[in-house]
Amino acid sequence: MYGAGETLTYAAQRLLTSHSLAREFSRGQISKPPFANETAPPSDDFKRLQAGGFREWKLSVDGLVAHPASLSVDDVKRLPVRSQITQVACEEGWSYVAEWIGTPLVEVLNAVGVLPQARYVVYFSIQPDWWESIDMADALHPQTLVTYGMNDGDLPAPFGGPLRLRVPRQLGYKSVKYVTRLTVTDSLKKFGKGLGSASPEGGYAWYAGI
């Protein structure tokens, strides 16, 4: 029953609001420190990259693309920039409003040449069990960002730096921290348990639109 309800919700959202925007806030509405949901450095490998100023951090882009790539943080920063003030809406209560600075995911995808049969983008954290996916409607949406800045500064490591995917039209757990890989695909069945992401494997919904 819950699976059918999720599918109906997803279908209705895509039919009625496929081009809608998440609410954007004014600078005066940015949440005051301390912000919610900080995380500690996730691994020794992360700490090593952090100690080097993330100069060796790579974002690989593969799958159904014409030109697979391995991008440094500086490479990402050379792409067109967008900033937005949106809310991380967490169903567990860790919600806050912040400014996010980065490049739209669509710019990364344009740079590698997405093939026509693409239906989803799967994205992976440096944390091996943390991965998510979105359909092309969200992947190509102008508010979906590969972020590297927050509130006029670099994106702090506790909030996902150096690179975090921000999907403001979905609940916060879809905005994965410490992103190292993007895979463009026509099917989600070959990833994990075939449920689309780590979230439904842990009891959450794959589609978490708000």
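This briefing describes the nonpolar cores and the aromatic pairs of the structure above. The model is predicted, so local features need pLDDT of at least 70 and side-chain atom pairs count only at pLDDT 80 or more, while totals for chains, interfaces and linings use all residues. Residues are numbered from 1 along each chain as its sequence is written, and side-chain values use heavy atoms, with hydrogens and water left out.

**Nonpolar cores**
- A nonpolar core is a set of buried Ala, Val, Leu, Ile, Met, Phe, Trp, Tyr and Cys residues joined through side-chain atoms within 4.5 Å, where buried means under 20% relative accessible area, exposed over 50% and partly exposed in between, with a 1.4 Å probe and protein chains only.
- The largest such core has 35 residues, and those with the most contacts inside it are Trp57, Leu105 and Leu182.
- Apart from this core lies another, of 10 residues, among them Ala36, Ala98, Trp100 and Phe159.

**Aromatic pairs**
- Rings of Phe, Tyr and Trp (its six-membered ring) pair if their centres lie within 6.5 Å, and planes under 30 degrees apart count as stacked, over 60 as edge-to-face and the rest as tilted.
- The structure holds 14 aromatic pairs, one of which is tilted because the rings of Phe35 and Tyr96 have their planes at 40°, with centres 5.9 Å apart.
- Phe35 counts as buried at 17% relative accessibility, and Tyr96 counts as buried at 4%.
- The rings of Tyr120 and Trp206 have centres 6.1 Å apart and planes at 80°, so this pair is edge-to-face, and both residues are buried.
- Phe35, Tyr96, Trp100 and Phe159 form one aromatic cluster.
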